[in-house]
Amino acid sequence: IGVTGTNGKSTTTEYVGRILEHAGFRVGWTGTTSFKVADREWTNDRKMTMLGRFATQRLLADMVGAGCGYAVVETSSQGIAQSRHVGIDYDVAVFTNLTPEHIESHGGFDNYKAAKGKLFRALSYGKRKDGQKKVSVVNVDDEHAEYFLSFPADEKIGFGLSSGYGDTTPVVATHVALSSDGTTFSVGPEAFALSPIGRFNLYNALAAISACRAVGVPWEKI
């Protein structure tokens, strides 16, 4: 499961990992703040969101060796631009949002957006595993949603506060209540309570919910 976007990548990566753990799976992840391989978790002190290609592959191999069924990879545009994502067979690509930040090294916003798009393009040529669908998970409230939904996928899940987008499977938050104590919201008949505050964390949670639905985690586990 690859997570990209300008903001919310690290939080979404951890949300996905924690949900999968709660659902009974062994999980690994790699992100800006931390690394995890099954029961072992440690701080990322490497000052890189996405490690070099060989270091990332070594981590993924460690996850396989530890019996992890899922790997969640925070996938930065810088990492993609330097081909650190090459060799990873993504099954789910998650887009959180896109704003004009971190664009200096890319030579402009369009190049920055295109770098993130390569994660979604990679779905179509990645190895297929045991019938797992290739799924794109996109924030449909972001103005760049159409671009990320334009890449081929077996299923496209659109999350947000709007009523859905095109032919996406919708994950829409309703009955949203934001307060200093946290956030409550519903997705269909399912009610959720989120301790971290702020609308941005609501979007991070929706991204994680959608990613976990993409791999078949039951609603009650989420």
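Reader: Is Asp130 buried or exposed?

Author: This is a predicted model, in which local features need pLDDT of at least 70, side-chain atom pairs count only at pLDDT 80 or more, and totals for chains, interfaces and linings use all residues. Residues are numbered from 1 along each chain as its sequence is written, and side-chain values use heavy atoms, leaving out hydrogens and water. Buried means under 20% relative accessible area, exposed over 50%, and partly exposed in between, with a 1.4 Å probe and protein chains only. Asp130 has 87% relative accessibility and therefore counts as exposed.

Reader: Where is Asp130 found?

Author: Helices (H or I, at least four residues) and strands (E, at least two) are DSSP runs, numbered from the N terminus. Asp130 is found in the loop between α4 and β7.

Reader: What is the phi of Asp130?

Author: Most residues other than glycine have a negative phi. Asp130 is a residue other than glycine with a positive value, near 45°.

Reader: What is the phi of Lys47?

Author: Lys47 is found in the loop between β4 (40–43) and α2 (53–65). At 84% relative accessibility, Lys47 counts as exposed. Although Lys47 is not a glycine, its phi is positive, at about 60°.

Reader: Is Lys134 buried or exposed?

Author: Lys134 is found in the loop between α4 (109–121) and β7 (135–139). Its relative accessibility is 1%, so Lys134 counts as buried.

Reader: Which side chain makes a polar contact with the side chain of Lys134?

Author: A polar contact is a pair of N or O atoms within 3.5 Å; within protein, one must be able to donate a hydrogen and the other to accept it, and residues adjacent in sequence count only if both atoms are side-chain atoms. The side chain of Lys134 also reaches the backbone oxygen of Lys127 at 2.8 Å. The side-chain partner, at 3.1 Å, is Asp91.

Reader: Which residues is Lys134 in contact with, leaving aside its neighbours within four places in sequence?

Author: Contact means heavy atoms within 4.5 Å. With those neighbours left aside, the residues in contact with Lys134 are Asp89, Tyr90, Asp91, Leu123, Gly126, Lys127, Arg128, Ala153, Asp154 and Glu155.

Reader: At what angle do the axes of α1 and α6 cross?

Author: Two packed helices are described by the angle between their axes and the distance between the axes. Axes are lines fitted to C-alpha atoms, for helices over the stretch in contact, and angles run from 0 to 180 degrees between N-to-C directions. The axes of α1 (residues 9–22) and α6 (residues 199–214) come within 9 Å, and they cross at roughly 45°.

Reader: Why is α1 described as oblique to α6?

Author: Angles under 35 degrees count as roughly parallel, over 145 as roughly antiparallel, 65 to 115 as roughly perpendicular, and the rest as oblique. The crossing angle is roughly 45°, which makes α1 and α6 oblique.

Reader: Which residues of α6 does α1 meet?

Author: From α1, the residues involved are Thr11, Thr12, Tyr15, Val16, Ile19 and Leu20. In α6 they meet Asn201, Asn204, Ala205, Ala207, Ala208, Ala211 and Cys212.

Reader: Which residues does Thr12 touch, not counting residues up to four places away in sequence?

Author: Thr12 is found in helix α1 and counts as buried, at 0% relative accessibility. Thr12 and Tyr203 are 191 residues apart in sequence and 8.9 Å apart in space, C-alpha to C-alpha. The residues that Thr12 touches are Val3, Thr96, Asn204, Ala207 and Ala208.
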